[in-house]
Amino acid sequence: MSGLVIHSARKVDADGLVDDFWLAIDGAHITATGTGSGWREALRGTDDDASSTAEPHVIDAHGHWLTPGFIDLHCHGGGGHPYDDGIDQMRAALATHRAHGTTRSLISHVANPLASLRESLAVVAELTASDPLVLGSHLEGPFLAPERRGAHDARFLRDPEPEAVEELIAAAHGTLRTATIAPELPNALEAIGVLIEAGAVVGVGHTTAGYAEAARAFEVGARLLTHAFNAMPGIHHRAPGPVLAAIDNPEVTLELILDGLHVDPTVGAMLFREAPGRVALVTDAMAAAGATDGDYRLGGLNVTVHNGLAVLSGTDTIAGSTLTQDVALRNAVTLAGLDPVTAVAALTRTPAHVLGEGHRLGRLHAGYVADAVLLDHDWRVTAVVADGAPLA
């Protein structure tokens, strides 16, 4: 074996918290884990391996946090680069988020003309084939309620007619992993079935649906609530709405943007209590994540970012976030008061499970893909390993 050893870490993943933890990596996978000085035996085993061609790289974690790599189900860009402007912009935005610990990503698409969406989906399919850290596409638009469109261009919203749904599925070449839909739209329930048949996980979002309509969508197979509380009715004592419908269905995972702006951290903490193990922290980040305040584009719309808050220019409508997943984790622990195991699971095991990737992603366990993030005591990223290789 030749690869990487990380030792003297404070491991935290969905399996729990372990001090003085170590792991050994060979190629793209974790090969062994343990506590104490057992990592030295792993190194000695390396010396005896005649196939080894290089000394393994050893990282002393000095008691800092070690987590699985973060998975982001919902993101539109970062580092000043949008995801909807070609493959080079996608790569640059991905690099920003990877530096903040996101080792696996979906590429989210806002509402655009069908021709533009077909092109973007095809680009992501190409990128997915060459970059194992890209898991595929999230089609957020165009099948959204105009009244709850948020930062999606109203000109490009449409009902989920069968032809349009099939056209977009075909353009993704098997890499459409999630899709958001407003279940009250004509043909929506049928479209949910078609998307599921194509291998996509369907999310309810950007919707005017009440409890019953959302619950029906979950009954027919939708398994996500897209950014809970945002772009949908809230919980009212006489109108419980889609959030409570998602909480009440144990098969549904709820996305949460925990930037302190989209959802109050106290409300976020309530969501974790009511749906334990089913909240996935997402960024919904636009190009300004990891960049500076200023003017940006999101799809066909202008966005202004001030003090980290992104809004459609000239309005108070929130237009995505400037969040990165390491900050979401820090907010979960320091603002929402979550224990580290719960917080880390929401960035790792929970999104992996939603995508059907829980058998290989989201845990620091032998046999799993070697994605890991080292963070200091204040939850700030100091090193990232993806697919077994340290990221620059």
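Colleague: Is tryptophan 65 buried or exposed?

Modeller: Burial goes by relative accessible area: under 20% is buried, over 50% exposed, and in between partly exposed, using a 1.4 Å probe and protein chains only. Tryptophan 65 has 8% relative accessibility, so it counts as buried. Keep in mind that this is a predicted model, where local features need pLDDT of at least 70, side-chain atom pairs count only at pLDDT 80 or more, and totals for chains, interfaces and linings use all residues. Residues are numbered from 1 along each chain as its sequence is written, and side-chain values use heavy atoms, leaving out hydrogens and water.

Colleague: How many aromatic pairs turn up in the whole structure?

Modeller: Rings of Phe, Tyr and Trp (its six-membered ring) pair if their centres lie within 6.5 Å; planes under 30 degrees apart are stacked, over 60 edge-to-face, the rest tilted. Here the search finds 1. Tryptophan 65 and tryptophan 379 are stacked, 4.2 Å centre to centre with 15 degrees between the planes. Tryptophan 379 is buried too, at 5% relative accessible area.

Colleague: Which residues of helix 4 are buried?

Modeller: Helices (H or I, at least four residues) are DSSP runs, as are strands (E, at least two), numbered from the N terminus. In helix 4 (residues 162-171), look for Ala164, Val165, Leu168, Ile169 and Ala171. Down the helix axis, these buried residues fall within an arc of 165 degrees, so they line one face; the arc uses directions from the axis to the C-beta atoms.

Colleague: What comes just after helix 4?

Modeller: Histidine 173, with a positive phi of about 50 degrees.
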